[in-house]
Amino acid sequence: MGTLTSLLNIASEALLADQVALNATANNVANQNTPGYTDEVVNFQSGDAVSLSGNTQSSGVTATVVSQRDRVLEQRVQQQTQTVSQSGALQSALQQVENIFGLSSTSTSASSTTLGTDLNSFFSSLSALASSPSNTTQQAVLAAANTLAGDFNSAANQLSQVSSSLNQEVSGDVGQVNSLTSSIASLNGQIASVSPNGDAGTLEDQRQEDLDQLSQLVGLDQITTSQNGISLTTSSGAVLVSGNQSFAMGTTQVGGNTDVLAGDPPSDVTSNLAGGDLGGTLQARDQYLPAYSNALDSLAYAIGTQVNQQNEQGIDGSGNAGQAIFTLPSSATGAAASIQVSATSPGAIASASSGEGSSGNTNATALANLSNANMVGSQTATGFLASFLAQVGSDTSGVTTNNTAQQAALTQLTTQRDSLSGVSLDQEASNLTQYQRSYQAASQVFTIVDSLMASAINLGVETTVT
Amino acid sequence: MAIDQAVVDILDETIQALTHFDFNGLQALEERISVLVKSDAKCIGDGLHLILAKQRLLELLLQSCKLNLDALNRLHRRNTRGQWAH
């Protein structure tokens, strides 16, 4: 039996432990709407039993508060956040490209776009010239050529503007990344001094909140280090945070683009960055936009070059050898942005061939026939434009689908994290069973749709999810 | 066309229900599409593109879901082992 003093000590510890538990509960209630806050639970632990004068007595109870977080789950949420942000940034950029060409999620037809309509009008004007060579039809060809060149200039300039705005986004993202990595490094330092071996509660919540925001900006690898710290690197391995030190990202101008510097010493990591808004922005700027610009340049250059060559083989309205109608650069690069109509007078359109007089139409017919010629590789100009616009539509649609799926997966993960942190193992098992059964039921719907289509229209190939 | 729209709607609702792990809703959807199959309904051309797009979306979500469920099961097993170890 213990002494009265020891009994009072035990009672006092019990009261203190209860107070800790009440504080934790109050904290949980007060912070239920605080972003990034993790529920705290109280662990009660009996003190070691003490043997005194042959009697064993308890030395009371102590309470410790720990946050219910699971680092593995948190990291999966972060990784998924990076994926969603990347696909979101890419989707946003590609939708801007769709808008440039007047495409939408429901219409990717070339004939419905300004460029498609004006390309058809140009070839139609050449057909009209071939049918009836005159000053009026020559004037119509010149006007259509001017409109078409203007469309190419406009589309190329707008693509360039999208690229510029993506460059600005890169700079903005880098600034935000630096602010967050600096904060995380500072929190690492505080956590190391306050709680090097255990949960640091609110400080860890703040660090987690910063990590969540950072995940929206850039792909990260996270390493847990000593003293409850974390080190961060980009997905390509450039260090961003190590202990209480942060390593700022920088930017540099390379070939008109804003590239990203990171690591110690800083090096250009642009081509290796993935994940987050920065990853998606760079993917759009460095992979998709150049391909679209090149395609547009190829089309403008092919049309300009071959129309020029054909016009130069004819005789103009003054009886002289025809001249180039379009002004072009020496190669396809930049052709869409710079193509211009050099001819100023309708008579510069060479309708006739040599020897048939200026009223002939042989060369005009050859010009009109260019509409059916393979001008760009093995494709006609209109065929190439249709393929190009279909590609833009398909890219955007694919990225949109991917983004929607990734967002749904993030919602799932957040649900799972919230339900699996801070509940009993029995409840975890119950939740997992429910998730598993939901997955199986959805798989079943997928499979039935698969078989429904396969049997109904004899697709021949069934897609399956394993 | 009506059947195509019905399949698209079911796929949309399945994606929503799976996103929030609504098991009861998913069971009801499974029954709805089973009824469609039994009625010998056929998908015809116009809506096929949309059905394939929605099915692709569901497929991507199922793939992510499977990946995450595997990770969660591993975590749960680890935690359970931890409990027995004490």
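## Overall composition

Of the 466 residues of chain A, 37% count as buried, where a buried residue has 20 or more other C-beta atoms within 10 Å of its own, an exposed residue has 12 or fewer, and a partly exposed residue falls in between, with C-beta atoms placed from the backbone. The structure is a predicted model, in which local features need pLDDT of at least 70 and side-chain atom pairs count only at pLDDT 80 or more, while totals for chains, interfaces and linings use all residues. Residues are numbered from 1 along each chain as its sequence is written, chains are lettered from A, and ligands are numbered from 1, in the order in which they are written.

Chain A contains 10 helices and 15 strands; these are DSSP runs numbered from the N terminus, with helices being H or I of at least four residues and strands being E of at least two. Among the contacts in chain A with a separation of 6 or more, 66% are between residues 24 or more positions apart. Two residues are in contact if their C-beta atoms, placed from the backbone, lie within 7 Å.

## Nonpolar cores

The largest nonpolar core comprises 88 residues. Such a core is a set of buried Ala, Val, Leu, Ile, Met, Phe, Trp, Tyr and Cys residues joined through C-beta atoms within 7 Å. The residues with the most contacts inside this core are A:Ala145, A:Phe152, A:Ala155, A:Leu299, A:Ala300 and A:Ala381. Its largest share, 21 residues, is supplied by helix α4 (residues 135-194) of chain A. The core lies between domain 2 (72-82 + 164-277) and domain 3 (89-163 + 289-391) of chain A, because both give residues to it; the domain bounds come from an automatic or database domain assignment.

Apart from neighbours within four places in sequence, A:Ala155 is in contact with A:Ile100, A:Phe101, A:Leu115, A:Leu296 and A:Ala336. A second, separate core of 33 residues includes A:Tyr435, A:Val445, B:Ile15 and B:Ala17.

## The four-stranded sheet

An open sheet of 4 strands in chain A has the order β5-β6-β7-β8, with antiparallel pairing; two strands pair if DSSP finds at least two bridges between them. The edge strands, each pairing on one side only, are β5 (220-225) and β8 (245-246) of chain A.

Strands β6(A) and β7(A) pair over 2 bridges, and A:Leu232 stands opposite A:Val241 in β7(A). In their hairpin, with 4 residues between the strands, A:Gly237 takes a positive phi near 100°. Strand β7 (residues 239-242) of chain A is likewise joined to β8(A) by 2 bridges, with A:Val241 opposite A:Ser246 in β8(A). The hairpin of β7(A) and β8(A) has 2 residues between the strands, and there A:Gly243 takes a positive phi near 60°. Helix α4(A) lies across β6 (229-234), β7 and β8 of chain A, at about 160° to β6(A); axes are lines fitted to C-alpha atoms, for helices over the stretch in contact, and angles run from 0 to 180 degrees between N-to-C directions.

Strand β10 (residues 257-262) of chain A is joined to β11(A) by 2 bridges, and A:Ala262 stands opposite A:Ser267 in β11(A).
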